[in-house]
Amino acid sequence: MQRVNGRKRRTVVLLLAGGVLLALFFASLTLGRYPVPLFTVVRILWRRFLSLFGLSGPVTWTPQMENAVVSVRLPRIVMACLVGCSLAAAGTTFQGVFRNPMASPDILGASNGAAFGAALAILLGCSQQYITVFAFLGALLTVALVFLIAQRAPGLRTVNLILAGIMIGSLFSAGTSYLKLVADPSNQLPAITYWLLGSLSGTRLSAIPVAAIPMCVGLVPLLLLRWRLNLLSLGDSEAKALGVNTDLLRAVLILCATLVTAAAIAVSGVIGWVGLVIPHLSRKLVGSDHRGLLPCAMLTGASFLLLVDDVSRNLLATEIPIGILTAVIGAPFFIWLLLRKEKTL
Amino acid sequence: MSLSVRDLRFAYQKTPVLSGVTFDAAPGELLAILGPNGVGKTTLFRCILGEQKRYSGTIEIDGTDAGTLSPRERAHRVAYIPQTHGMTFRFSVRDTVLMGTSHTLSPFGSPGRAQERAAGEALDRLGIGKLSDRMFDTLSGGEQQLVYVARALAQQAKILLMDEPTSSLDYGNQLSVLSVVKDLSRDGYTVLLSTHNPQHALWYADKVLALSDGRVAAFGRTGEVLSPALFGTLYGTQTQLYETPGGTVILPVPNKPESKGDQP
């Protein structure tokens, strides 16, 4: 009986999380300096949708409204969802792979590498697109380096990976500090600092596929392998005895989670907390079985970052960098999670 | 399925752990592995499970060289039942047992109806079906050990390796776990069980493999092999065997004070 309830609970939670995300999505489109009623938002999107098929409908709104909704808010909202979903998925994966609830998407130094890449691009005077590319490659390169080092070291593979991640990460963060030192303090330094705080402002529609493609390439295998992640979370010897090729599985999971993390950091800057807090929250909601946990984390991660980004762009006249807000909202939330008495499922 | 180990040698760096271990186990047999701490029992299991590949000698499972098996093929044949231990993440009993079926799935697959059924049958067979919905970490040590046995049954491998399954259990649970394992061996499973309790070997094992310094100190039928002399070699203690209506019992010989003269 209870089992049925457990299953049902998982389905209900996932449906609820999906519903919340959908509601937040539309609510976010109405929010902003230039108010657009919900009904109008829906009709603008509906007309855009029809136009994909060569159809058209009546226009009962001002061009400013359409511009605010479609060109300014929509890309940013979609991007917030993508980044939140990706960071939460990567965090969940890393926590499972390393059997450590303290793991986060940047455990292998991805964000340090991305920061170095972005800072370098800013220093070289590159355009926005190149900053993104540099950050993406910086993250991938760092993790590749960490992986190669851990592969060669004797001893426990997971411990080696974490130690190598700490070392390479601090190397790159030292590099970033040096770049900040030599950067032009009037324009380059603020640009670097701002990038490091993380932000989704100024996201264009054209940036969506650039981020979405690597994210999907990483997320699909993660979703398909989520049952095997359960096995890996038991530890190597047990997973092996259950028939898992642990080295291969771990490498694939880390590769995918890194790809997803790199894509997210490259377009948004360094946004902490999502990848750490959301897996915890989701575990409280649906339990540790990754069949339910991973989808739940992806949905709640998207909602969480969307909500934080809404606060970031609406609370004050000047935008608050989202990296600051995730910590301000994430830390107390995490403390609350820690203090809450655990209910047995 | 039968397991046959021939002249197995293994060394960590330069330190030999196993030097020429030879034994075999057939279906329906419960083989107890005895030996003091650090004698290489766990290493032996790691070699059979393919975790340690740099051994010399051969390990054959039904005539197939175990070294050539992929992890998946091995999981079809050999199941490992660990000591109870903490889990980082909390899984339900059913999910824990369900994990035993993973080698029957495609790499991207999730368990379906057939796997759920296998898990349910394994739990029912051990009489712990009612625990299915509990969280693993809320169970007692004995129940947890039975869940691991159920996982091995769901795995449908015919060779079971148990590494000191009773070490953290109370007396009642030790006996109930062992009798479950004994029944399984009667049903045709090949069971290898390492233990620190020679009494368990006397009561339950068909055959005994005694290891000392990485070598085989004795191997054969339980009744023929176990003797006070062997226990002296293995553990350096004096013991005595007593025949009782309930079976052979091993008792330590107390260190009597030296008798002073022959006065009546």
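This is a predicted model: local features need pLDDT of at least 70, side-chain atom pairs count only at pLDDT 80 or more; totals for chains, interfaces and linings use all residues.
Of the contacts in chain B that join residues at least 6 apart in sequence, 67% are between residues at least 24 apart. Nine helices and twelve strands were assigned to chain B. With a radius of gyration of 20 Å, close to the 18 Å given by the globule rule for 264 residues, chain B is as compact as a globular protein of that length. The C-alpha trace of chain B spans about 80 × 40 × 35 Å along its principal axes.

Of the 264 residues in chain B, 53% are buried. Chain B carries 26 positive and 26 negative side chains, and a distance of 4 Å separates the centres of the two sets.

Aromatic pairs were counted over all chains, and the count comes to ten. One of them is formed by A:Phe116 and A:Phe172, with an edge-to-face arrangement at 5.4 Å centre to centre and 70 degrees between the planes. Because A:Phe116 lies in helix 4 (residues 110-123) of chain A and A:Phe172 in helix 6 (residues 157-182) of chain A, this pair ties together parts that are 56 residues apart in sequence. A:Phe116 has a relative accessibility of 23% and therefore counts as partly exposed, whereas A:Phe172, with a relative accessible area of 14%, is buried.

Definitions and conventions:
Residues are numbered from 1 along each chain as its sequence is written. Chains are lettered from A and ligands numbered from 1 in the order in which they are written. Side-chain values use heavy atoms; hydrogens and water are left out. Helices (H or I, at least four residues) and strands (E, at least two) are DSSP runs, numbered from the N terminus. The radius of gyration is taken over C-alpha atoms; the globule rule is 2.2 Å times the number of residues to the power 0.38. Buried means under 20% relative accessible area, exposed over 50%, partly exposed in between (1.4 Å probe, protein chains only). Contact means heavy atoms within 4.5 Å. Lys and Arg count as positive and Asp and Glu as negative; His and the chain ends are not counted. The place of a charge is taken as NZ of Lys, CZ of Arg, CG of Asp or CD of Glu. Rings of Phe, Tyr and Trp (its six-membered ring) pair if their centres lie within 6.5 Å; planes under 30 degrees apart count as stacked, over 60 as edge-to-face and the rest as tilted.
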